[in-house]
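Student: I should like to take a close look at a single helix and at what surrounds it. Please describe it in one connected account.

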Amino acid sequence: MIFRRNPLYASFVIILLLALSGLIAYFSILNIYKEFSNIKPNLSLVLLCLLGMYGVFILLTLIVSYFKKTPTIVLNKSSILFENGDEIPLSNISNIIYTGDKNAGFFLMGEGMQIEFIDKTKKVLLDDLYTDLWKLKQSLYQSFTLKQEPQEFTIEPILEEDYQNENKTAFKGFVFFSMMGVLSYLFGFMYLFVTVSAFFKERNIIWIVIIFGIFIVGVTSYGLHYFILTDNHLIIKNHNFFWKNDVFRLSDIKKISFEKRGKGFNFMRIITNDFKMNVYSADTLGQKQWKNLKEHLEVKDIEVNNYLHFF
């Protein structure tokens with residue numbers, strides 16, 4: 001089995017860092033050239049530009065580091081091979097941590113796995129940086145941890161009648177008390193107003209307005225999930241996308257974590273027993289609701305990692 005880095009994530013990282021490097025290098029070289037063309041160059045500005053060039057070196061180093069931290073992985077029956085490395089027998093693995101918040105270095109962090117070898121070296125692999133890392137986790141879990149022949153593991157689909165008569169507890173906030181909720185409806189009304197105006201005045205741009213409006217409302221709605229906990233299931237719904245109805249059996253959930261990245265939304269990460277991962281942002285939930293949800297999940301023997309440091 002071969003596991004490669006996520007091409008969309010890789011393209012985003014490379015384009016962003018190269019664009020920043022190019023801009024910094026261009027303006028730094030341009031200003032250095034201008035200053036040394038003068039009789040009395042501004043040495044402070046020259047020094048600042050040289051620091052900018054050093055920043056370009058750091059950004060390019062990040063690109064190289066990114067490729068080193070996301071090697072192509074080949075998993076064979078009795079060994080594992082990392083790109084540009086030696087083939088390592090599975091017997092040389094001392095421990096595997098399959099889930100958790102990991103740091104691969106150089107600002108690469110998030111949900112991932114850590115493989116530890118008997119020579120004390122470690123490999124950290126992040127889920128977001130690979131397309132199908134869950135398959136690698138599943139195979140290693142069966143071959144290394146369970147000591148059995150790897151085989152495909154599937155979770156049975158859930159029918160509505162499985163949970164419709166169960167007791168339900170909702171964890172949701174008021175949309176207009178959340179930033180994303182306010183922005184969503186604000187952009188929604190603006191979009192509706194502009195669309196109606198364009199229909200009567202500028203019909204040639206109406207499709208541009210419609211596409212842009214749908215995009216903005218869609219992005220802001222991404223943060224408006226809420227959760228319903230039943231006797232045996234966890235249901236995820238969305239304030240705006242009322243048709244959304246993702247359902248998980250509690251017995252199929254390996255771990256749940258509450259997380260936040262930078263200034264982004266608070267979100268729930270659900271890892272199922274097949275090591276697949278689902279992320280749901282929930283901007284409407286307040287501190288008390290996150291805490292109550294954690295307590296209710298733990299009562300049902302669900303492991304919850306809390307990375308939201310307000311409780």
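Tutor: Helix α6 covers residues 287-299, and its 13 residues reach 19 Å from the first C-alpha to the last, close to the 18 Å expected at 1.5 Å a residue. That expected span is 1.5 Å times one less than the number of residues. Helices (H or I, at least four residues) and strands (E, at least two) are DSSP runs numbered from the N terminus. This is a predicted model, in which local features need pLDDT of at least 70, side-chain atom pairs count only at pLDDT 80 or more, and totals for chains, interfaces and linings use all residues. Residues are numbered from 1 along each chain as its sequence is written, and side-chain values use heavy atoms, with hydrogens and water left out.

The buried residues of α6 are Trp290, Leu293, Lys294 and Leu297. Seen down the axis of α6, these buried residues fall within an arc of 100°, so they line one face of the helix; the arc is that of the directions from the helix axis to the C-beta atoms. Buried here means under 20% relative accessible area, exposed over 50%, and partly exposed in between, with a 1.4 Å probe and protein chains only. On the face of α6 turned away from the buried side are the exposed residues Lys288 and Val299.

The cover over the buried residues of α6 includes the strands β9 (169-171), β10 (225-229), β13 (253-260), β14 (266-272) and β16 (304-306). Contact means heavy atoms within 4.5 Å.

Just after α6 comes Asp301, which takes a positive phi of about 65° although it is not a glycine. Asp301 lies in the loop between α6 and β16, and at 72% relative accessibility it counts as exposed.

Phe275 is found in the loop between β14 and β15 and has a positive phi of about 70° although it is not a glycine. Phe275 is buried, with a relative accessible area of 2%, whereas Asp301 is exposed.

The 27 residues of α2 should span 39 Å at 1.5 Å a residue, and its end C-alpha atoms are 39 Å apart, which agrees. Among the buried residues of α2 are Val46, Cys49, Gly52 and Val56. What covers the buried residues of α2 includes α1 (7-37) and β7 (108-117).
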